[in-house]
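The exercises below treat one structure, shown next, and each task is followed by a worked solution. Please try each task on the coordinates before reading on.

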Amino acid sequence: MSVFLETLIGGVLAGTLYALVAIGFVLIYKASGVFNYAQGSLLLFGALTFVSLTEAGVPTVAALAVTAGLLVFTAVAIERFLLRPLANRSPLTLFMATLGLSYLVEGVAQGLMGSRVRAVDLGIDDLPLFLGDIMISQFDLVAAGVAVVLVVVLALLFHRTRIGIQLRGVADDTRAALSLGIDIHRIWQIVWAVAGLVGLVAGLLWGARQGVQFSLSLVVLKALPVLIIGGFTSIAGAIVVGAGESLAETYVGPLLGGGITSWFAYGLALAVLLVRPAGLLGERQIERV
Amino acid sequence: MSDTILELTDVSLAFKGLTAINGLSFAVRRGEICALIGPNGAGKSSLLNILNGVYRPQSGTIVFEGERFHRMEPLKAARRGIGRSFQNNALFSGMSVLDNVIVGLSRRARTTLVEEALRLPRARAQEAAFRERARAVLRLLELESQAGTAVGTLPYGVQKKVELARAIVAEPALLLLDEPLAGMNAREKDEIAAIVERLNRELALTIVLIEHDLGIVLRLAHHVVVLDYGRKLADGPPETIRNDPDVIAAYIGTSPAALAA
């Protein structure tokens, strides 16, 4: 029983971290209808910048502020030079553009800051905590706490403020939003900036777990099945499924043989796509033909 | 203020060689209801989309409120006070009626993102004012009782009214309505027509509308512009239009008697 609980708790914590990665996708997909392939590169870019700054002796808080500023600037630049010229193009065109962007960001980041593995020290002790005979990773606990706080803040921002209502308006019907005087470019900049900042937090937490280097951008690939199963438009879906997937990976995986873990989530995602293309909690799109 | 709020001169629009609007000129007087009529494909919706900046005309000029434009942009049009509704409802279906109308006030917003995010006093005051203004418009259109309902769950006719509420809440100088009566039964049509007339009379709102129901158009409009294949066929008060032989010919099968009905 304690093994199960331990896995369950560990799974929920790790799932929250997957969800953190997924949120970046969900935000951008909702606002601009594009699957942002560059999310992983932006995550790596943020983490790399932070690590390079701290290695150069910049205090943690200052490094965080500078990195955050740089990501906001990048978001504005992406909107201005990529999204705006391509407005009204097909989603596939936009997707291809983010694919190109991904290589650009990765290349620039590694060109400037190198590709060796760096450690991130966030000052969180990675000592196990014991709850009776259940062992919990202290780092995962703190990381999950940060993720939850971030989700709550984002939820408040997007549900309680006028910016949030406008964002939902843009997501729902772009031409109507424009006709009402919503500055769609501004909304895109805000959303990309927020996605970048969420990516930075995710990048730092994942980076602290596995080191900051190229493969960090692949974390997002693991978040992909989480997104598909949860539904592309649902942040809650991303969290629930993130937890579930992590649980399945650690618990069902070994039951079916060790090698299964890496593709298990993708298999599940495929199954969900066949049965319910909108995902478990996503909005079903109804299109008049 | 000039008597003419909007003037188009020699405006043409083509999509890859297919001409949608061909050298069109007409003017809209301040405070009137101007109806655009014509068969399907005559270029009515294209024209509305030019006025609101969705389409870019290849040639011609548009003068709105004394300012000359070669082309409008949707954001610019909205901020200069051109409001509109769409042919098929373009409401934010997941949101409540009230939220939909509040979004309609976007161009009136004066707060910054930081004020909004931190909910500083100015942002709160603006939010309260927006809410009050939106409720007032809902009262005007008798939609108060549905304020909290998700728009997607409402009947089509009610949704049309919500879209109207959203379009007028920011007090546009010019309101463009793309088939506000389409898909409605006779009773709903009369209700919306009465609302449009009231908005025009009580708020002195200038309205340009597209409508197929000729009976209602000829009763409601002060000024009718008839389009056919992107050209202007006739332009004048409804009494003149009703008896224009070119107009009657364009509506093949429609006798003058039916037009007058």
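**Exercise 1.** Is helix 6 of chain A largely enclosed by the rest of the structure or largely open?

Solution. A word on conventions comes before the steps. The model is a predicted one, in which local features need pLDDT of at least 70 and side-chain atom pairs count only at pLDDT 80 or more, while totals for chains, interfaces and linings use all residues. Residues are numbered from 1 along each chain as its sequence is written, and chains are lettered from A and ligands numbered from 1 in the order in which they are written.

Step 1: a residue is called buried if 20 or more other C-beta atoms lie within 10 Å of its own, exposed if 12 or fewer, and partly exposed in between, the C-beta atoms being placed from the backbone; helices (H or I, at least four residues) and strands (E, at least two) are DSSP runs, numbered from the N terminus.

Step 2: the buried residues of helix 6 of chain A are R162(A), I163(A), I165(A), Q166(A), L167(A), G169(A), V170(A), A171(A) and D172(A).

Step 3: since nine of the 11 residues of helix 6 of chain A are buried, this helix is largely enclosed by the rest of the structure.

**Exercise 2.** Describe how chain A meets chain B, and state which helix of chain A gives the most to the side that touches chain B.

Solution. Step 1: with contact taken to be C-beta atoms, placed from the backbone, that lie within 7 Å, 19 residues of chain A are in contact with 25 residues of chain B.

Step 1: on the side of chain A that touches chain B, helix 6 (162-172) and helix 7 (174-179) of chain A each supply at least two residues, and helix 6 of chain A gives the most, with seven residues.

Step 2: the residues on this side of chain A divide into eight nonpolar, five polar and six charged, where Ala, Val, Leu, Ile, Met, Phe, Trp, Tyr, Cys and Pro count as nonpolar, Asp, Glu, Lys and Arg as charged, and the others, Gly among them, as polar.

**Exercise 3.** Which residues of the largest nonpolar core touch the most other members?

Solution. Step 1: a nonpolar core is a set of buried Ala, Val, Leu, Ile, Met, Phe, Trp, Tyr and Cys residues joined through C-beta atoms within 7 Å.

Step 1: of the 154 residues in the largest such core, A22(A) and V191(A) touch the most other members, and helix 8 (residues 184-210) of chain A gives the most to this core, with 17 residues.

Step 2: domain 1 (1-81 + 173-261) and domain 2 (90-171) of chain B both give residues to this core, so the core lies between them.

Step 3: leaving aside its neighbours within four places in sequence, V191(A) is in contact with L27(A), I28(A), A31(A) and L167(A), and L167(A) is among the buried residues of helix 6 of chain A.

**Exercise 4.** What is the mean pLDDT of chain A, and which of its elements has the lowest mean?

Solution. Step 1: pLDDT is the predictor's confidence in each residue, from 0 to 100; the mean for chain A is 82, and 88% of its residues reach 70 or more.

Step 1: chain A has 11 helices and two strands, and among its elements helix 10 (residues 235-255) has the lowest mean pLDDT (69) and helix 3 (residues 60-83) the highest (94).

Step 2: where pLDDT is low, the predicted coordinates should not be read in detail.

Step 3: V76(A) lies in helix 3 of chain A and is partly exposed, with 17 other C-beta atoms within 10 Å.

Technical notes:
Contact = placed C-beta atoms within 7 Å. Domains from an automatic or database assignment.
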